[in-house]
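Here is a short tour for a first look. Please view the model before reading on.

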Amino acid sequence: MKLGSTAVVITSSSSSSVATLGFPKNYYNKPSWFGQLLKTNMFPHHFPILSSSSSSISTTTEDSNDAVAAAKPKQQHPWLIVGLGNPGKKYYSTRHNVGFQMVDALADAEGISISGVSFKALLGKGFIGNVPVMLAKPQTFMNASGESVGAIASYYKIPLKQVLLIYDDLDLPFAKLRLLPKGGHGGHNGMKSVINHFKGSRDFPRLRIGIGRPPGKMDTANFVLRPFTKQEHEELDFMFQQGTEAVRILLLEGVNKSATFVNSTKSMKQLG
């Protein structure tokens with residue numbers, strides 16, 4: 001048996017090789033026994049057999065290194081879950097900040113602290129199930145949200161299919177959810193900014209939260225900055241529970257199952 005840094009070679013025609021491995025010397029003169037051993041799967045597992053008809057077996061350190069590398073799990077990129085809104089207490093309870101509120105509800109449900117500050121955002125890191133996540137609330141003001149979101153996704157090399165944007169939608173009934181795997185900005189300035197910083201790509205999932213249309217002739221800008229009523233807060237709390245479950249399903253089971261769940265949910269008002 002020849003030992004080296006790159007190879008181990010065992011040859012059936014050498015008596016010293018058999019003796020070195022601990023085989024009885026009288027077996028050396030029985031080539032039929034050795035050949036039969038090769039044909040079966042009884043050879044010591046740390047000397048892999050390349051061919052049952054071959055009388056020599058080789059293994060290299062390169063093969064061993066490849067096997068070790070293959071056994072190592074690939075690094076899992078985290079999901080980036082972003083709620084859009086405006087910073088400051090003045091805006092927190094307004095309709096335009098429902099994305100912030102959804103992310104906060106998700107953080108509370110999953111025990112994730114959003115206490116870090118980086119990339120112009122409040123950040124929290126944790127897990128949903130066994131999936132690593134980053135929760136973010138950009139502090140750039142709504143219309144410049146992409147500055148923060150784009151920087152985070154780029155730095156952590158997060159695939160766009162694993163970036164979930166959560167934001168308010170005027171075109172959905174109040175407290176209604178809608179999950180889509182991709183799409184446009186729908187006139188939402190925060191989404192316009194994000195898409196711009198993703199170099200025009202729209203291929204990322206988004207969870208839209210309905211805030212309804214402004215009553216009468218109320219200006220849209222004033223409406224989205226209007227605070228919720230007490231009754232609306234109760235409906236939102238119910239919706240946040242549904243939204244949290246939708247995010248869990250998205251991360252653990254995929255966008256199709258999550259979309260099916262979202263589309264089948266009813267608001268508290270619909271349930272009576």
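Predicted model: local features only at pLDDT ≥ 70, side-chain atom pairs only at ≥ 80, totals over all residues.

## The nonpolar cores

Which residues have the most contacts inside the largest nonpolar core? They are Ile81, Val133, Leu135, Leu164 and Leu251. The core has 36 residues. Helix α9, residues 230-253, gives the most to this core, with seven residues.

Setting aside residues up to four places away in sequence, Leu135 touches Ile81, Val103, Leu106, Ala107, Ile112, Ile114, Leu122, Leu123 and Gly124.

## Helices α9 and α10

Helix α10 covers residues 255-264. α9 and α10 pack at an angle of about 160°, and their axes are 7 Å apart. That angle is over 145 degrees, so α9 is roughly antiparallel to α10. The crossing of α9 past α10 is right-handed.

From α9, the contact uses Gln242, Glu245, Ala246, Ile249, Leu250 and Glu253. From α10 come Val255, Lys257, Ser258, Phe261 and Val262. By type, the residues of this contact are six nonpolar, two polar and three charged.

## Around Pro181

Pro181 sits in the loop between β9 (177-180) and α7 (189-197). Is Pro181 buried, exposed or partly exposed? Its relative accessible area is 46%, so Pro181 is partly exposed.

Beyond its neighbours within four places in sequence, Pro181 is in contact with Asp203, Phe204, Pro205 and Val255. Val255 also belongs to the contact of α10 with α9. Pro181 and Ala259 are 78 residues apart in sequence. In space, they are 8.6 Å apart, C-alpha to C-alpha.

Definitions and conventions: Residues numbered from 1 in each chain as written. Heavy atoms only, no water. Core = buried A, V, L, I, M, F, W, Y, C linked by side-chain atoms within 4.5 Å. Buried < 20%, exposed > 50% of the residue type's maximum accessible area, 1.4 Å probe, protein only. Helix = DSSP H or I, 4+ residues; strand = E, 2+ residues; numbered from the N terminus. Contact = heavy atoms within 4.5 Å. Axes fitted to C-alpha atoms, helices over the stretch in contact; angles between N-to-C directions. Parallel < 35°, antiparallel > 145°, perpendicular 65-115°, else oblique. Left-handed = near helix turned anticlockwise from the far one by under 90°. Nonpolar A, V, L, I, M, F, W, Y, C, P; charged D, E, K, R; others polar.
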